[in-house]
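Please keep the sequence and the model in view while reading.

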Amino acid sequence: MEKKRSLVFVTNAMADLEGLAGEDPLRELKERCECRIWPAAQGPSHADLLEALEGCQGLLCLISDRIDADIIRSSSELKVISSCSVGVDHIDLAAASAQGIPVGNTPGVLTETTADLTFALLLAASRRVAEGDAYVRSGKWKSDSDWGLASFLGVDLHGATLGIVGLGGIGQAVARRAQGFGMRVVGWSRSGDSVPGVENVEFSELLAEADFVSIHVALTQETLGLLDARAIGRMKRGAVLVNTARGGIVDDLALAEALAEKRLAAAGLDVFDGEPIGSDHPFVRLDNVVMTPHIGSASTRTRLRMAQLSVQNCLAGLEGRPLIHTANSEGLR
Ligand code: DGY
């Protein structure tokens, strides 16, 4: 008798990636399992997720899907949750561990790509690239006399100190880039591990010394609000803050206040507390903020590799094999 195939709910058809790769990133999953694929570009609501997951052994999701304890408990047959992301703060890991469900994620493959975007934001924020672009497009740059010695002055990277909060893979990749730019690099991580070319300092020292602060920790209970009003208040006057990690680590309103008062020179932000942000968000009114819509890992090659890895994690979990990357291995022990 033929073995019954596992049923997997996939929250995104990955159709755009198919066009880029020339092949369906979900091909292997579709060949080996029964796939229930969410048809719309906009992901499923909480209610849709609850309904669609019924009877499924696998779930393949994105960061935009909130996988809470109700969702996790809704399918008694669920054997694996695989997220096409490195971050897993959208998934209730404790609830998954309590059910003995491994949660797969995709670290490693997006490290360099995210470090590149971090540097793009660092440069764009410090050299006012978006502001300059808007000025040119608006037609305000009309005559030679609009070029002034003191127009669009920014902050130099070379010779400045970069403070890296979190020295995991992405933090280290950012440190390597900073060394090439002639920056002094200081770093803080909870583990205290040392990294070549990075001076380990206390968090408070980092805030006090860094001309640029870049965030590279995961969002957890411990890092929620790490850069709150008090921490922002301890940053150097005229410093630049970059966040390509997660919203929630930074208090956005306190940051907006510091930027509006020019206590901080600028910020480059790819992530926000509550995404997407609306056009009425305080950041939108500030010229000294450069924003991107959570695209740290968005290069063609990296997104394809993330998709492939998430499929492999999903298949491993369904077949009872160890996942390539398990985000809740501690909790499962
Ligand atoms: C991740 O993978 O966690 C990024 O934030 C999105 O690609």
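**From one contact to the whole chain**

The side chains of Ser297 and Arg303 are joined by a polar contact of 2.9 Å. A polar contact is a pair of N or O atoms within 3.5 Å; within protein, one must be able to donate a hydrogen and the other to accept it, and residues adjacent in sequence count only if both atoms are side-chain atoms. The model is a predicted one, in which local features need pLDDT of at least 70 and side-chain atom pairs count only at pLDDT 80 or more, while totals for chains, interfaces and linings use all residues. Residues are numbered from 1 along each chain as its sequence is written, and side-chain values use heavy atoms, with hydrogens and water left out.

Ser297 belongs to the loop between strand 12 (289-291) and helix 12 (300-318). Helices (H or I, at least four residues) and strands (E, at least two) are DSSP runs, numbered from the N terminus. With a relative accessible area of 11%, Ser297 is buried. The term buried means under 20% relative accessible area, exposed means over 50%, and partly exposed lies in between (1.4 Å probe, protein chains only).

Ser297 and Arg303 also take part in the surroundings of the ligand, together with Ile63, Ser85, Val86, Gly87, Leu110, Arg246, His294 and Met306.

Which parts of the protein lie at polar-contact distance from the ligand? An N or O atom in the side chain of Ser297 is 2.6 Å from a ligand oxygen atom. For Arg246, a polar side-chain atom lies 2.7 Å from an oxygen atom of the ligand. Gly87 contributes through its backbone, with an N or O atom 2.8 Å from a ligand oxygen. On its own the ligand has 230 Å² of accessible area, and the protein covers 90% of it. Accessible areas come from the Shrake-Rupley method with a 1.4 Å probe; for residues, only the protein chains shown count as cover.

Ser85 is found in the loop between strand 4 (80-83) and helix 5 (93-98), and at 4% relative accessibility Ser85 counts as buried.

The discussion now turns to aromatic rings. The whole structure holds 4 aromatic pairs. In one of them, the ring centres of Phe119 and Phe181 are 4.9 Å apart and the planes meet at 35°, so the pair is tilted. Rings of Phe, Tyr and Trp (its six-membered ring) pair if their centres lie within 6.5 Å; planes under 30 degrees apart count as stacked, over 60 as edge-to-face and the rest as tilted. The two residues are 62 residues apart and link distant parts of the chain, with Phe119 in helix 6 (residues 111-126) and Phe181 in the loop between helix 8 (169-180) and strand 7 (184-188). Phe119 is buried, at a relative accessible area of 5%, whereas Phe181 is partly exposed at 37%.

The peptide bond from Glu275 to Pro276 is cis, with omega near -5°, and Pro276 is found in the loop between strand 11 (266-269) and strand 12. Phe152, a residue other than glycine, has a positive phi near 50°. Phe152 lies in the loop between helix 7 (129-138) and strand 6 (161-165). Lys262 likewise is not a glycine and has a positive phi of about 60°; Lys262 is exposed, at 56% relative accessibility.

Finally, the chain as a whole has 13 helices and 12 strands. Its C-alpha trace spans about 80 × 45 × 35 Å along the principal axes, and buried residues make up 48% of the 333 residues.

Note on methods. A residue is near a molecule or strand if one of its heavy atoms lies within 4 Å of it.
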